[in-house]
Amino acid sequence: MNPWTGKAATVEEWLDMLRSRPEMMANVTYWHTEPARPARTVPMPEELDDRLKRALASKGIERLYTHQASSYRAVREGKHVVTVTPTASGKTLCYNLPVLQHLLADDSARALYLFPTKALAQDQVAELQELADLMEANIKTHTYDGDTPPTVRQAIRNAGHIVVTNPDMLHSAILPHHTKWVKLFENVRYIVIDELHAYRGVFGSHVANVIRRLKRICRFYGSNPQFLCASATIRNPQEHAQRLIGEPVALVDDNGAPSGEKHMVFYNPPVVNRQLGIRRSSVLESQKLAALLLKSGIQTIVFARSRVRVEILLTYLQDLVKHELGAKSIRGYRGGYLPKLRREIERGLRSGEIRGVVSTNALELGIDIGQLQACVLNGYPGSIASTWQQSGRAGRRHSSSVTFLVASSNPLDQYLIQNPDYFFGRPPEEARIHPDNLLILLDHVKCAAYELPFEAGEQFGGEKLEDLLEFLAEEKVLHRSGDRWYWMEQAFPANNISLRSAAQENFVIIDTTDGHRVIGEVDRFSAPTLIHEEAIYLHEGVQYQVEKLDYPEKKAYVRQVNVDYFTDANMAVELKVLHVDREDRSGALLRQYGELTVTARPTIFKKIRLRTHENIGSGPIHLPEENLHTSGYWFSFSEEAEEGMTANDMQMALLGLANVLVHLAPLHLMCDPLDIRVVPQVKSTFSKRPTIYFYDRYPGGIGLSQRLYEIHDELMAEAGRLISGCGCLSGCPACVGPIEEVGLLGKELARKLLDRAGGRL
Amino acid sequence: MSGGLRERLLRLRSAADPQAEPAAAVKPVAPSASGAPQDPPAAAGAADAQTAPADPAADAPAEAEPGHPAFVRLGVRTKSNAYGSFLLRTVEYPLEHRHGRYALGELLERAKHLAPVSARQNKGNDSALRLPVEPERLLFLDTETTGLGVGAGNVPFMIGIGWIAPGQGRFVVEQTLIRHPGEERAMLAHLLARMAERTHLVTYNGRTFDWPVLVNRFILNGWRRAGPEPGHLDFLHPSRALWRNTLESCRLSHVEEERLGIVREGDVPGSLAPELYMRFLNDGDADGLEGVYRHNERDVLTLAALAIHFGTLLSPLTREDPRGQEVPEGAEELYRTAVWLEAHGALDKAERLFALLAAREEAQAVRWWLPVAARYKRLGRLDLAVPLWRRAAERAERAAVPFLDAHIELAMHYEHRVKDVAEALRLAERALELALRRPPSRSDPLRARQLREALQRRIERLRRKAGSRSFDQPAGPEDGEDDLFALRQG
């Protein structure tokens with residue numbers, strides 16, 4: 001009997017089978033096992049309300065995990081708290097316990113819960129409602145979001161003890177209408193912020209400002225709530241929480257939850273062409289592993305980096321296992337799916353009806369899909385924290401689980417898979433926010449002024465508030481009267497300010513195959529490359545061709561097709577330096593940091609054959625260009641550095657170096673790879689010299705380029721090590737790029753250029 | 001990094017108009033020596049109105065007028081109370097003053113008939129429900145705000161109120177204006193004092209706009225409302241009920257022109273008011289505000305006219321009241337008015353209008369016969385319904401695009417109530433023929449097909465019935481009826 005097609009009873013048995021297959025084990029570069037951990041518990045706090053004790057007991061909770069008890073204690077001592085524990089460790093009780101205890105004693109008290117998504121909010125309400133029912137207590141919990149029917153909104157505003165919402169709703173609906181929420185704001189005792197790690201980067205910077213506004217409104221109504229935060233593992237939970245809420249916070253991280261044995265397996269697809277350094281596609285290898293797991297009855301989640309990858313993997317997998325399991329038991333999950341479909345998939349996963357799911361990082365957050373047994377990461381998720389988060393989707397309390405990290409050929413993946421110490425030896429990333437980004441801050445000063453006039457002497461953020469107010473007054477957005485500033489525009493400011501980049505401006509995808517049906521949506525930034533006319537848009541494994549993109553109306557009309565290719569679009573990017581803030585000349589390099597504008601325009605798209613990935617055609621894209629005003633870092637090479645190199649050599653060297661840096665920079669910045677861009681130019685329009693640019697992909701910048709300016713030497717040293725350490729002959733996708741792109745001498749040229757960059761290695 | 005942006009902000013700032021004075025509000029209010037307040041120009045259509053310092057309330061008398069010539073022209077004065085000061089303009093009209101079709105004094109007679117409107121609009125507000133609608137206890141209210149929506153940042157900069165003071169034979173309009181946001185508390189306190197003497201706010205969309213915006217302001221000024229909520233008479237809803245299809249829009253300015261006989265000349269549209277006020281705030285020039293004052297004043301008067309209009313509609317039928325017997329011209333408006341009257345308990349008047357509509361012969365009236373007949377049927381008045389269906393069916397036969405409803409109603413009537421299967425069959429067959437004559441429906445082809453199929457089934461069933469009857473057998477189950485009926489209802 002082929003052990004791979006028979007049903008394996010446990011993950012352990014399955015792993016034994018894997019170990020017995022040398023051809024598979026040859027690709028395993030590292031195998032890390034975390035031993036099972038027993039539970040550490042303490043008795044329920046004495047003072048806890050009997051009703052609450054009984055309700056928990058009826059759910060089988062007789063004792064608390066250590067971290068739950070610690071956070072309860074810290075909250076009762078009146079501290080702001082952040083609790084950090086891995087997925088599925090019972091962290092919601094960390095905040096629900098003190099909140100419910102208080103509400104049982106004080107019926108007039110209120111709590112506000114914030115979750116980054118609507119789905120998480122709904123899970124939470126179900127859980128709280130169940131506890132309230134078990135206690136037979138009159139504690140009303142409601143979600144308040146875009147889906148809340150207008151008829152019940154008023155009741156929620158006046159009578160909801162616990163209001164569960166998201167930062168966007170707080171920003172655009174609750175705070176600007178705070179006068180309708182008098183009961184809540186006068187009596188709010190606790191503000192719960194879960195999934196704290198999700199509030200990083202631009203989104204986190206906005207949310208920090210929303211919280212500043214929230215605190216300001218609370219002060220107006222005379223309340224001074226405690227913040228109860230929970231976060232997945234990041235390096236700096238305490239610091240992050242303090243920056244986000246602007247208050248000192250107590251850290252609770254003594255995780256007492258048990259967990260089964262966890263295997264983390266690094267898997268590098270085999271080299272198929274050593275000379276060219278080409279490995280088998282990570283998509284195909286991920287698919288193979290996932291199929292083996294699924295066929296053995298192991299419930300598996302596959303994470304892919306992009307929406308397109310998700311759809312490609314889904315198509316392959318559904319096809320592969322359709323005879324054993326039926327296509328409906330393997331589902332896709334990503335941002336563009338409509339909420340109803342997502343809820344259905346989440347339910348199917350919890351019930352076990354759905355055996356496999358292919359997802360983007362949309363499932364990384366704490367959406368309740370139960371605990372799966374195996375996880376396959378198609379490519380490094382881009383950060384250590386994300387990797388642990390995604391891997392946490394597999395792992396049950398009392399049985400083993402396994403995560404495969406399947407490396408793609410990009411340099412970062414290859415670097416990691418060959419240097420496991422880097423991954424296992426390092427704490428996960430920091431969550432960074434920059435709430436005083438002037439543009440973000442200014443936006444929220446406007447919103448805050450709308451909510452409540454500013455008074456002289458008030459504080460809001462780290463910049464000098466009075467300057468900002470004066471600026472807005474001269475812009476005639478605010479009106480100064482005595483020592484107060486009043487909102488004086490007709491418009492409602494929050495409407496035009498989205499917390500998530502371009503989240504507000506989604507394009508809807510309309511299937512016209514049979515009537516008109518909305519099947520999904522795409523954010524504005526992705527639209528030019530994903531749904532330009534003639535693009536192949538994949539949805540739930542089905543191919544659609546975009547027939548018409550109505551750019552002003554934000555609609556894409558698609559029709560179902562059956563073709564053997566997918567599409568990939570190119571963007572042309574132009575940079576214009578506006579202002580140099582910092583500069584440093586040393587050796588062959590001129591390094592500068594400052595402001596620039598980026599003009600991006602999609603140019604052509606390529607048709608790429610499925611499975612073989614060969615280029616089988618192309619076409620133009622006609623769409624307007626997008627402008628971005630941001631901060632950037634760039635360094636230019638002197639004439640000496642260029643000596644003896646032709647323009648073409650320089651082109652290849654820069655391209656090779658840029659290919660390395662584009663992957664290394666996010667690693668050192670600990671940011672999402674999409675947040676920072678790298679552009680090489682043989683003759684920069686600004687410096688007239690060969691130059692490599694980095695820029696923050698957010699208006700006004702979020703501090704990434706600035707950091708690169710500071711860690712330049714470290715970054716270059718790392719790039720040198722990566723190029724030298726790569727086993728390929730003359731460039732491969734894992735270092736400077738494939739020779740088709742950088743030429744036969746690309747690797748050498750890039751190394752030469754690095755050496756000449758002032759002997760800084 | 002933010003240093004660079006800060007510089008840019010500063011650069012941007014220096015590019016902005018250096019002349020613009022950031023805070024017009026600090027402009028000193030020079031007491032003016034110029035003479036007595038003038039009457040508003042005749043162009044405002046209020047030649048008999050007087051701006052008057054007279055102030056019936058017991059609080060401090062109005063003080064000297066602020067300096068700007070526009071304020072002088074308008075008779076605006078500074079007014080102070082315990083919370084500070086603001087600008088107040090008072091205009092008084094004699095009760096004979098006609099605003100369009102109605103004289104303001106008619107309010108005294110008509111207001112009480114608005115009780116059913118109050119009953120419908122104040123459900124859940126028991127204190128307001130208990131209060132009668134009395135003319136001198138109504139406060140007409142219209143605000144001009146700095147923005148749209150009911151968010152916390154939308155500020156009413158002008159509050160126009162009006163009331164009838166029968167003792168003095170006057171209709172009084174007061175308009176408050178704040179020269180800067182700091183004067184808001186004093187203005188709100190003034191409004192609250194005026195409200196204290198009255199039971200209902202009479203508005204146009206005030207239930208969902210003006211009043212919630214004002215409530216925001218009370219809260220933002222640290223006040224919590226004590227005591228009962230005011231009652232509302234919001235005439236947006238009745239206006240929509242009557243005119244939502246027959247008038248191009250239900251904006252107040254349009255309604256008053258089309259139905260109240262009010263013509264505004266040189267009116268500054270309300271939508272410009274925020275901009276004009278911003279200009280005043282920024283450069284202290286009150287000239288632009290004159291139009292806002294006039295506009296708001298007219299709005300307050302129109303509210304009174306609307307109250308009279310709806311009060312007249314609801315007044316009982318008497319021979320001595322020709323106004324109260326007037327009937328809308330258009331068939332649809334006639335129908336909607338009748339429905340509205342019925343919903344407000346004016347059954348006699350509603351019945352009369354339904355009968356008048358049934359008696360109309362013009363083409364536009366025919367489609368309204370059907371709902372009228374349906375109502376008769378619901379009330380058990382088949383003696384009235386059947387002839388109306390008959391007439392409608394005749395008209396359908398002649399229509400270019402025939403409708404089937406009358407035939408189907410009659411077919412059901414003959415089958416089930418008259419038990420005349422032959423006549424029922426004839427009508428159903430006619431209906432099918434008409435259905436086939438209809439041009440194909442583009443909006444809902446499926447429903448049109450289902451309707452035809454249902455008719456076919458009905459005909460077959462009627463044929464079976466007609467055939468079986470001769471053998472003296474009981475009729476089969478009436479399976480075709482429900483779906484046909486449901487289809488037409490949908």
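In chain A, strands β20 and β21 (residues 484-487) run antiparallel and are joined by four bridges. Within that pairing, Arg480(A) stands opposite Trp485(A) in β21(A). Keep in mind that this is a predicted model, where local features need pLDDT of at least 70, side-chain atom pairs count only at pLDDT 80 or more, and totals for chains, interfaces and linings use all residues. Residues are numbered from 1 along each chain as its sequence is written, while chains are lettered from A and ligands numbered from 1 in the order in which they are written.

**Strands in chain A**

- β20(A) and β21(A) belong to an open sheet of three strands, ordered β19-β21-β20, with antiparallel pairing.
- At the edges sit β19 (454-455) and β20 (478-481) of chain A, each pairing on one side only.
- Elsewhere, β26 (residues 555-560) of chain A pairs with β22 (residues 507-511) of chain A in the parallel sense, over four bridges. Here Asp511(A) stands opposite Val558(A).
- β26(A) also pairs with β25 (residues 542-550) of chain A, this time in the antiparallel sense and over six bridges. In β26(A), Tyr557(A) has Lys548(A) opposite it.
- The hairpin of β25(A) and β26(A) has four residues between the strands, and Lys554(A) takes a positive phi near 60° there.
- A word on terms: two strands pair if DSSP finds at least two bridges between them. Helices (H or I, at least four residues) and strands (E, at least two) are DSSP runs, numbered from the N terminus.

**Helices that meet**

- In chain A, the axes of α8 (residues 167-174) and α10 (residues 201-220) come within 10 Å and cross at roughly 50°. Axes are lines fitted to C-alpha atoms, for helices over the stretch in contact, and angles run from 0 to 180 degrees between N-to-C directions.
- That makes α8(A) and α10(A) oblique to each other. Angles under 35 degrees count as roughly parallel, over 145 as roughly antiparallel, 65 to 115 as roughly perpendicular, and the rest as oblique.
- Pro167(A), Leu170(A) and His171(A) of α8(A) meet Val207(A), Val210(A) and Leu214(A) of α10(A). By class, the residues of this contact are five nonpolar, one polar and no charged.
- In chain B, the axes of α14 (residues 363-378) and α15 (residues 382-398) come within 8 Å and cross at roughly 155°. These two helices, α14(B) and α15(B), are therefore roughly antiparallel to each other.
- Among the residues making the contact of α14(B) with α15(B) are Trp369(B) and Tyr376(B) on the α14(B) side and Leu388(B) and Trp389(B) on the α15(B) side. This contact has 12 nonpolar, no polar and three charged residues.
- For the classes, Ala, Val, Leu, Ile, Met, Phe, Trp, Tyr, Cys and Pro count as nonpolar, Asp, Glu, Lys and Arg as charged, and the others, Gly among them, as polar.

**Where the chains touch**

- 38 residues of chain A are in contact with 30 residues of chain B; contact means that the C-beta atoms of two residues, placed from the backbone, lie within 7 Å.
- On the chain B side, α1 (2-15), α7 (206-220) and α10 (273-283) each supply at least two residues. α1(B) gives the most, with six residues.
- Sorted by class, that side of chain B has 17 nonpolar, 11 polar and two charged residues.

**Domains of chain A**

- The assignment lists domain 1 (11-34 + 261-425), domain 2 (44-252), domain 3 (438-496) and domain 4 (573-605 + 624-756). Such bounds come from an automatic or database domain assignment.
- Taken over C-alpha atoms, the centres of domain 1 and domain 4 of chain A are 32 Å apart.
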